[in-house]
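Trainee: I am new to this structure and would like to learn how its descriptions are reached. Could we go through it together?

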Amino acid sequence: LATFLLLFASLSANSESYYVSNNPATVSNVVEVIQGHKFIVDIAEPHPLAGNITIFLAETYSPKVETPCVKESELGIQAKEYVAQQLATAKNIELTHYRKTSKGAIAGVSLDGLDLAEDLIKKGLASKEYYYFRAYYCNAYMALEFGWKAENEDSLKAISWFKRSLF
């Protein structure tokens, strides 16, 4: 227990590198789009995120591009292409409310004032639920789990997930 508390205290002391900032970062160059919710950008100095950094859209998950599930993969490619097009045509790309992590940064992304995550979700190319697309298109057991999870909160949503698990 003492070791755990010391470890927790040291992590808390180093929490400065895992802060959430309201100071937007302006992207100078888009290096690569990996998935709909994950891409690499370049941020100019002086900024805490300066250099090439991997960005994960906050609370947003797009379908995987490379997966054995064909339907999920097709939708993942559509999401990736859509995000690449949006990033390429945007005049101003800002990262808002970001949190730096060991793998990159989790951030809200604003393209000329439009929230990229909200836009992807509206178009059906992303979800706020992790593994949503895998459950919806490819895995009946996961669809059942989503149904069970929604059972006490939203009975219509639960029924739709239970129906989905049958197909």
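Trainee: Which residue is the bridge partner of Thr 26 in β5?

Mentor: The bridge partner of Thr 26 in β5 is Glu 94. Before we go on, please note that this is a predicted model, where local features need pLDDT of at least 70 and side-chain atom pairs count only at pLDDT 80 or more, while totals for chains, interfaces and linings use all residues. Residues are numbered from 1 along each chain as its sequence is written, and side-chain values use heavy atoms, with hydrogens and water left out.

Trainee: What makes β2 and β5 a pair?

Mentor: Two strands pair if DSSP finds at least two bridges between them. Strand β2 (residues 25-35) and strand β5 (residues 93-100) have 2 bridges, so they pair, in the antiparallel sense.

Trainee: And how do you know what counts as a strand or a helix?

Mentor: Both are DSSP runs, numbered from the N terminus: a helix is H or I with at least four residues, and a strand is E with at least two. By that rule the protein chain has 6 helices and 7 strands. Along the sequence they come in the pattern α-β-β-β-β-α-β-β-β-α-α-α-α.

Trainee: What joins β2 to β3, and in which sense do they run?

Mentor: Strand β3 (residues 38-43) is joined to β2 by 6 bridges, and the two run antiparallel. They form a hairpin with 2 residues between them. Gln 35 has Lys 38 as its bridge partner in β3.

Trainee: Why is Ala 25 called buried?

Mentor: Buried means under 20% relative accessible area, exposed means over 50%, and partly exposed is in between (1.4 Å probe, protein chains only). Ala 25 has a relative accessible area of 0%, so it is buried.

Trainee: Why does His 47 count as buried?

Mentor: His 47 has 16% relative accessibility, which is under 20%, so it counts as buried. His 47 sits in the loop between β3 and β4. As for β4 itself, 5 of its 7 residues are buried, so it is mostly covered. For the protein chain, buried residues make up 38% of the 167 residues.

Trainee: How do you know which residues Ala 25 is in contact with?

Mentor: Contact means heavy atoms within 4.5 Å. Leaving aside neighbours within four places in sequence, Ala 25 is in contact with Ile 43, His 47, Ile 93, Glu 94, Leu 95 and Tyr 98. The C-alpha atoms of Ala 25 and Ile 43 are separated by 7.2 Å, although the residues are 18 apart along the chain.

Trainee: Why are Glu 59 and His 97 called exposed?

Mentor: Glu 59 has a relative accessible area of 60% and His 97 has 52%. Each value is over 50%, so each residue is exposed.

Trainee: What divides the lining of the largest pocket into nonpolar, polar and charged?

Mentor: Ala, Val, Leu, Ile, Met, Phe, Trp, Tyr, Cys and Pro count as nonpolar, Asp, Glu, Lys and Arg as charged, and the others, Gly among them, as polar. The lining residues therefore divide into 6 nonpolar, 3 polar and 4 charged. Helix α4 (residues 132-137) gives the most to this lining, with 3 residues.
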